[in-house]
Amino acid sequence: EGKAVAVVVGASFAGQRAANLLRSASLPSSGRALDVVQVDAKGYFEYYPSTLRCMVEPEHAEATVLPLPTGVLVDRVARVAPSGRDGGGGRLMLASGRDLAYDYLVLATGSGYAGPIKCFGGAAASTAAEGEGGHADEGSRRAAQRRRALADELKRIEGARDIAVVGGGPVGVELAAEIAGKFRGKKVTLYSKSERILPGMDPRASAFATAWLEKHGVEIRAGECVESDSDEEATERLVYTCYGSASNVDFECPLSRSSRGGLLVKGTMQSVDDPFVFAVGDCCDVRDADSGGVAAEKTAFLADVQAVVAAKNILAMAAGGAATKGADDALCTLKGFCHGKASLPLVCCISLYKNSGTFQMGGVVVNGYPAAWNKRVIEGFQLDMARNSASGNSGGLKGRVWSFMERFTILLICKLGF
């Protein structure tokens with residue numbers, strides 16, 4: 001048999017992690033060698049947990065918005081067409097007209113969000129290395145364009161008379177904190193439909209964030225929600241919508257979706273309809289039978305873990321033996337990876353401007369400077385791995401250290417009950 005082809009769609013947390021693991025793996029001689037093809041619509045890597053900081057300090061985007069690794073196809077998925085055969089595989093049609101055959105497919109297309117927090121422009125058919133239309137480097141051009149957009153957002157914030165942040169979850173809380181921390185005295189109002197901000201986190205985290213925001217002049221309107229800024233003077237009042245994130249699956253695909261709109265997967269991260277198609281990160285939802293009926297908070301940490309499970313299973317299937325056809329009992333599951341926990345306990349870090357924050361790991365909550373320090377350390381690891389990927393080194397030393405820390409964290413919260 002010839003080489004098997006694994007196509008990974010997406011180059012953010014989950015997509016990049018899955019691609020790196022697949023590229024760096026060694027398969028036994030009895031298995032099929034693996035070619036990894038990666039596709040991304042944006043054309044650059046953006047470290048989204050730092051995007052809100054970049055909106056008030058756009059120079060930080062020089063480190064957090066990076067061109068993609070050489071050879072990544074910059075294109076948008078138009079259609080997924082599984083073969084339906086027992087041997088699996090299928091075809092991926094791209095917006096440019098390009099047609100990719102795959103043996104294994106990983107969909108890591110993320111989630112859509114109100115701009116400028118996440119920005120998905122139209123994608124030209126090119127590679128990040130070669131570019132088109134006279135551009136020597138399409139990836140660098142798109143990354144520079146994104147950095148300019150973040151710099152323009154700073155001008156809007158500076159010119160606003162007052163700012164309304166709608167949504168009391170992690171994104172809304174962080175954005176309100178960034179603006180209040182950078183621009184002391186600017187009127188900032190945070191609206192939360194829930195009775196407390198950060199409703200998905202421990203009440204201790206919520207109470208700390210509330211106290212910090214109020215100390216820095218943010219008015220919190222709990223139990224209220226603003227729908228739009230249609231009655232406001234756009235040049236004086238600025239409204240940011242920080243809720244309603246939706247799975248990015250705006251392409252033709254016959255695979256089942258959950259009631260929340262994400263691609264429905266088993267605990268192995270395989271589609272419930274096709275064992276050769278995997279979905280990870282914000283674009284998927286784990287079926288109730290495997291998640292215990294719990295809709296897990298979609299975090300970067302969870303996306304990373306899902307990518308590891310998907311990559312392990314693709315490698316097992318490509319290696320041959322009992323796992324070749326993707327049978328559940330021969331593969332790794334989220335529950336097995338997480339020491340018997342059907343749903344991964346929450347791991348989430350919220351920064352409150354530069355020197356404060358709140359960090360939750362299972363039942364443990366850490367507030368103040370240690371949380372801010374922890375977030376900076378995580379950022380350093382993730383950006384180092386992204387830069388290593390761009391230079392052809394799939395994760396580097398920090399990637400290996402990150403894998404160890406990830407497994408240790410899961411051991412703490414799932415096995416030892418932290």
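This note goes through a predicted model point by point, from the whole chain down to single residues.

1. Basis. Residues are numbered from 1 along each chain as its sequence is written, and side-chain values use heavy atoms, with hydrogens and water left out. As the model is predicted, local features need pLDDT of at least 70 and side-chain atom pairs count only at pLDDT 80 or more, while totals for chains, interfaces and linings use all residues.

2. Secondary structure. The chain contains 11 helices and 22 strands. Both are DSSP runs numbered from the N terminus: helices are H or I of at least four residues, and strands are E of at least two.

3. Burial and surface. Of the 418 residues in the chain, 53% are buried. Buried means under 20% relative accessible area, exposed means over 50%, and partly exposed lies in between (1.4 Å probe, protein chains only). The accessible surface of the chain is about 17,500 Å², with 51% of it belonging to carbon and sulfur atoms. These areas come from the Shrake-Rupley method with a 1.4 Å probe, and for residues only the protein chains shown count as cover.

4. Contacts along the chain. A contact means heavy atoms within 4.5 Å. Taking contacts between residues at least 6 apart in sequence, 67% join residues at least 24 apart.

5. Nonpolar cores. A nonpolar core is a set of buried Ala, Val, Leu, Ile, Met, Phe, Trp, Tyr and Cys residues joined through side-chain atoms within 4.5 Å. The largest has 67 residues, and Leu92 and Met269 have the most contacts inside it. Helix α8 (residues 300-318) gives the most to this core, with 13 residues. A second, separate core has 43 residues, including Ile117, Leu150, Ala177 and Ile179. In soluble globular proteins, nonpolar side chains tend to be buried together.

6. Leu92. Which residues does Leu92 touch, not counting those up to four places away in sequence? They are Val7, Val9, Val77, Arg79, Val80, Arg98, Asp99, Leu100, Tyr102 and Leu105.

7. Cavities. A cavity is a set of points, on a 1 Å grid over the protein atoms alone, where a 1.4 Å probe fits but cannot get out; lining residues have an atom within 4 Å of a point. Grid points are joined across faces, edges and corners, and a volume is the space filled by probe spheres set on the points. The count is 4 cavities of 30 Å³ or more.

8. The second largest cavity. This cavity holds about 90 Å³ of space. Its lining consists of Ser12, Phe13, Gln16, Arg17, Asn20, Phe45, Asp304, Gln382, Met385, Ala386 and Ser389. The elements giving two or more residues to this lining are α1 (13-24) and α10 (369-390). The lining residues divide into 4 nonpolar, 5 polar and 2 charged. Here Ala, Val, Leu, Ile, Met, Phe, Trp, Tyr, Cys and Pro count as nonpolar, Asp, Glu, Lys and Arg as charged, and the others, Gly among them, as polar.

9. Ser351 is in strand β20 (residues 347-351) and counts as buried because its relative accessibility is 7%. Leaving aside neighbours within four places in sequence, Ser351 is in contact with Arg53, Glu174, Ala177, Glu178, Ser356, Gly357 and Lys375. Tyr353 lies in the loop between β20 and β21 (357-361), and is buried at 14% relative accessibility.

10. Positive phi. Most residues other than glycine have a negative phi. Tyr353 has a positive phi of about 55° although it is not a glycine. His339 likewise is not a glycine and has a positive phi of about 55°. His339 sits in the loop between α9 (334-337) and β20, and its 32% relative accessibility makes it partly exposed.

11. The β4 to β5 loop. Pro69 is found in the loop between β4 (65-67) and β5 (73-74), and Val72 is placed in the loop between β4 and β5. Is Pro69 buried or exposed? Pro69 is buried, at a relative accessible area of 7%; Val72 is buried too, at 1%. Pro69 and Asn388 are 319 residues apart in sequence and 8.7 Å apart in space, C-alpha to C-alpha. Val72 and Val8 are 64 residues apart in sequence, with 9.8 Å between their C-alpha atoms.

12. Two residues in helices. Arg407 belongs to helix α11 (residues 396-415) and is partly exposed at 39% relative accessibility. Between Arg407 and Val305 there are 9.1 Å, C-alpha to C-alpha, for a sequence separation of 102 residues. Pro370 is in helix α10 and is partly exposed, with a relative accessible area of 46%.

Technical notes:
On a 1 Å grid over the protein atoms alone, a cavity is a set of points where a 1.4 Å probe fits but cannot get out, and a pocket is an open set with protein on both sides within 12 Å along at least five of seven lines; lining residues have an atom within 4 Å of a point.
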